[in-house]
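The sequence and the model come first.

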Amino acid sequence: MAVTDELTALAAETLQRIDAAQSTAALDEVRVAVVGKQGSLTGYLRNMGSVPKEERAAVGKAVNQAREQVEAALEARKAALKASELDAAIEGAAVDITLPGRGQQMGTRHLINAMIDEVSELFLGLGYSVAEGTEVETDYYNFTALNAPADHPSRSMQDTFYVRDMSGDVAEVQGESDVLLRTQTSGVQVHVMEDQELPIYIIAPGKVYRRDVADPSHLPQFHQVEGLVVDRGITFGDLKGTLELVCKQIFGPDRKTRFRAHYFPFTEPSAEVDVSCGICHGEGCRMCKGTGWLELLGCGMVDSNVLKMSGIDPEEYSGFAFGMGLERMACLKYNVPDLRMLLEGDMRFLRQF
Ligand code: DAH
């Protein structure tokens with residue numbers, strides 16, 4: 001076959017291959033194979049020296065023609081492939097606005113926080129204000145000023161965690177040697193009596209700590225709401241009326257309450273308040289250990305010693321105080337059998353409230 005015919009055939013075959021290329025990458029392979037440095041068409045150009053003189057003009061013309069054809073076809077095909085590749089990329093990245101949206105799940109307040117809010121709202125409505133204390137407290141405010149001096153047996157029921165400084169020594173705050181994590185919010189009572197003007201109507205919600213192992217009815221860290229009223233002429237009747245109202249509000253009109261005589265060092269007389277069992281309604285069941293009642297809170301008339309230690313004259317003023325465990329209250333309200341369920345973080349459980 002004459003060289004010019006070979007070139008015509010090569011050009012025709014190359015144009016077909018260019019047409020058949022389905023991507024810019026495949027097209028580039030064709031370009032390299034034909035007009036690249038080692039390409040088949042480039043080979044003809046390189047070999048022009050060996051073409052007999054009389055044919056050189058014709059072959060040269062044919063090679064150039066073939067190259068121009070191929071290069072023009074490569075250019076055109078490249079532009080077309082690029083455009084369709086861009087289209088495909090745009091289409092692939094497109095958002096299908098007909099798909100259903102991804103649902104956002106609304107969070108809920110944790111039951112403990114919801115309980116703190118509920119109790120706080122209730123007392124704010126009665127004209128109380130909210131006082132805040134610190135979780136790290138001194139022995140004096142947690143025990144001594146609440147009528148429980150160092151050798152008082154009631155202390156043994158509220159062992160706690162003691163705070164040491166970096167050297168391992170017992171830390172000192174305000175000249176007190178024993179710094180601890182408070183076991184009760186009752187110490188806030190003393191701060192408020194020392195710092196605020198009379199009369200006093202406050203509640204103090206907050207976290208407390210005990211050296212207890214977690215079980216269905218104990219947690220080493222939990223929340224209490226403390227309450228304190230100090231005014232002229234406050235009686236046990238005021239205490240009863242207030243707490244009965246609060247219980248009705250929180251547990252609903254069907255649940256009964258009862259006051260049971262008890263002992264606390266900082267109140268005299270003292271009582272515990274029980275609420276009727278929400279599962280058996282007083283019949284007796286496993287939840288209430290067969291008694292029909294569940295213990296809710298401690299309360300009493302502020303002991304005159306406590307008033308005196310905080311600089312208040314018990315001849316002129318009297319008061320009542322109470323303290324309730326928030327986790328316990330939440331469980332009694334919603335019939336949850338184990339305090340630990342509040343802390344396990346199981347969203348199926350927590351979302352119910
Ligand atoms: N602080 C007590 C406790 O943790 C609860 C308590 C009882 C608080 C009687 C009071 C009160 O204010 O008057 O067990």
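Is E118 buried, exposed or partly exposed? E118 is partly exposed, with a relative accessible area of 25%; buried means under 20% relative accessible area, exposed over 50%, and partly exposed in between, using a 1.4 Å probe and protein chains only.

## Basis of the values

The model is predicted: local features need pLDDT of at least 70, side-chain atom pairs count only at pLDDT 80 or more, and totals for chains, interfaces and linings use all residues. Residues are numbered from 1 along each chain as its sequence is written, and side-chain values use heavy atoms, with hydrogens and water left out.

## Salt bridges

Side chains of opposite charge can pair when their charged atoms come close. The criterion used here for a salt bridge is a side-chain nitrogen of Lys or Arg within 4 Å of a carboxyl oxygen of Asp or Glu. Searching the whole structure gives 11 salt bridges. One of them joins the side chains of E118 and K333, at 2.9 Å from N to O. E118 belongs to helix α5 (residues 111-125) and K333 to helix α10 (residues 326-334), so this pair ties together parts that are 215 residues apart in sequence. Helices (H or I, at least four residues) and strands (E, at least two) are DSSP runs, numbered from the N terminus. K333 is partly exposed, with a relative accessible area of 21%.

A salt bridge of 3.6 Å, N to O, is formed by the side chains of D159 and R211. This pair links distant parts of the chain, 52 residues apart: D159 is in the loop between α6 (139-142) and β3 (179-181), and R211 is in the loop between β4 (200-209) and β5 (221-231). D159 is partly exposed at a relative accessible area of 32%, whereas R211 counts as exposed at 58% relative accessibility.

R260 and E272 meet through their side chains at 3.1 Å, N to O, in a salt bridge. R260 is in strand β6 (residues 257-264) and E272 in strand β7 (residues 267-276), 12 residues apart. Salt bridges with shared partners join R258, R260, E272 and D274 into one network.

## Helix packing

Two packed helices are described by the angle between their axes and the distance between the axes. Axes are lines fitted to C-alpha atoms, for helices over the stretch in contact, and angles run from 0 to 180 degrees between N-to-C directions. Helices α5 and α8 (residues 236-251) pack at about 135 degrees, with their axes 11 Å apart. That angle makes α5 oblique to α8; angles under 35 degrees count as roughly parallel, over 145 as roughly antiparallel, 65 to 115 as roughly perpendicular and the rest as oblique. The contact (heavy atoms within 4.5 Å) involves M115, E118, V119, L122 and F123 of α5 and T242, V246, Q249 and I250 of α8.

The axes of helix α1 (residues 3-20) and helix α2 (residues 24-35) come within 9 Å and cross at roughly 160 degrees. This makes α1 roughly antiparallel to α2. On the α1 side, T14, R17 and I18 meet L27, V30, A33 and V34 of α2.

## Helix α10 and its end

Buried residues in α10 are L326, E327, M329, A330, C331 and L332. These buried residues pack against α5, β5, α8, β7, β8 (293-302) and β9 (318-325). Just after α10, N335 takes a positive phi of about 55 degrees. N335 lies in the loop between α10 and α11 (347-350) and counts as partly exposed at 30% relative accessibility.

## Other backbone features

Most residues other than glycine have a negative phi, and most peptide bonds are trans. N147 has a positive phi near 70 degrees. N147 is found in the loop between α6 and β3 and is buried, with a relative accessible area of 18%.

L198 and P199 are joined by a cis peptide bond with omega of about -5 degrees; P199 is in the loop between α7 (187-195) and β4. The peptide bond from E268 to P269 is also cis, with omega near 0 degrees, and P269 sits in strand β7.
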